[in-house]
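Student: Hi, could you walk me through this one? I'd like to start with the backbone.

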Amino acid sequence: MNILNQIQLLIPARLKYLLKPYYRVIFPNKLHLMLNPTFRCNYHCSYCYTHTIFDYSKVYSREQEHAAQEWIDALAKLPSAAIYIAGGEPMLFPGIADLINALPPQHQVTGMVTNLSLPLDAYRKIKRKLHLNLSLHREHVGETEFIAKVKQIKEFMDVTVNLVATPENLHFLEKIAGEMEAADIGLHVDPYINPATGVYEYNAHQLQLLKRYLQADRGSYRHNDYHPKQCSAGRNYAVIAPNGDVLACYGGLNYLNVPQYRQIAAGHSVDHFLIGNLFAADFKLNSADLICALPCKEHCDLDLARIWEVEK
Ligand code: SF4
Ligand code: SF4
């Protein structure tokens, strides 16, 4: 059994989640894939950058999505990979359990994000104990109902809870952190980015509240870094869209599609972000690092791609 499989099976969920940003250091040549089988979602969170502020389900529509068996066949062509399933709400993808249950044996699922809105029976169809990042969206579900469901799913899945620290949620952080602690469930807090300005906007008091809950891995955006960077994204890390397009990173997905990102990229090449389409007969990941002169904007990319400045 390889080391990543052992980590998945033997290490507690909370520790696995803390280890995630260091996977690229522990496994420098491991292929990490972020698989988005759908960008559709049954929620409409006001702070969501993939479904509300910008709607990726309009770029990659339901008609462009592939069936579970098509994904299984296409993923079989790739070398051993650690696959994280995201979206949208991945549980809305009709064949999600089939896809996970019959994943080609060289791959491991390192986790899946879900808003936990579907009945637990839908999750029970997944026949392996997954790490689930359960995202709590108080605009759509009460915390009491959500936490009760978290406790039930914890009986057959590894779980952590994720919360975006919107100004409204800040007042609630202490309460949910206490409840999660009592139930031995890890809590991950993401800072809220104001959609109008694209930056965090907390006053001193709010920052003080937030500091206790933010993880150290979440403070390293490279906002204005237009220096050419040598980057492993596209070689040992990639983001896969519902139509099979393989992008170097989530930043690249945004640079290619979102108007505000296109403005940031103005005058710079974005061609390196699209690696190809997984369903094309001649698809290959990059064999060497790429050079990118755009600012890294997404934490997942920073967690999993290896990036350093090109020597001048
Ligand atoms: S549940 Fe997740 S994907 Fe859906 S709208 Fe909310 S933040 Fe976006
Ligand atoms: S440097 Fe950042 S934005 Fe550029 S390809 Fe790498 S991860 Fe993506």
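Tutor: Happy to! Helices (H or I, at least four residues) and strands (E, at least two) are DSSP runs, numbered from the N terminus. This is a predicted model, where local features need pLDDT of at least 70. Residues are numbered from 1 along each chain as its sequence is written.

Student: Okay, where is D184?

Tutor: D184 sits in the loop between α10 (173-182) and β6 (186-191). Its phi is near 60 degrees, a positive value in a residue other than glycine.

Student: And is D184 buried or exposed?

Tutor: D184 counts as exposed because its relative accessibility is 54%. The cut-offs are under 20% relative accessible area for buried and over 50% for exposed, with partly exposed in between (1.4 Å probe, protein chains only).

Student: What about phi of L116?

Tutor: L116 also isn't a glycine, and its phi is positive, about 60 degrees. L116 lies in the loop between β3 (108-114) and α7 (120-124), and it counts as buried because its relative accessibility is 3%.

Student: Which residues does the cis peptide bond join?

Tutor: G87 and G88, with omega about 20 degrees. G88 is in the loop between β2 (81-85) and α6 (96-101).

Student: New topic: which residues are around ligand 1?

Tutor: C41, Y43, H44, C45, C48, H51, G88, N115 and H137. Here a residue counts as near if one of its heavy atoms lies within 4 Å of the molecule.

Note on methods:
Chains lettered and ligands numbered in written order. Predicted model: local features only at pLDDT ≥ 70, side-chain atom pairs only at ≥ 80, totals over all residues. Heavy atoms only, no water.
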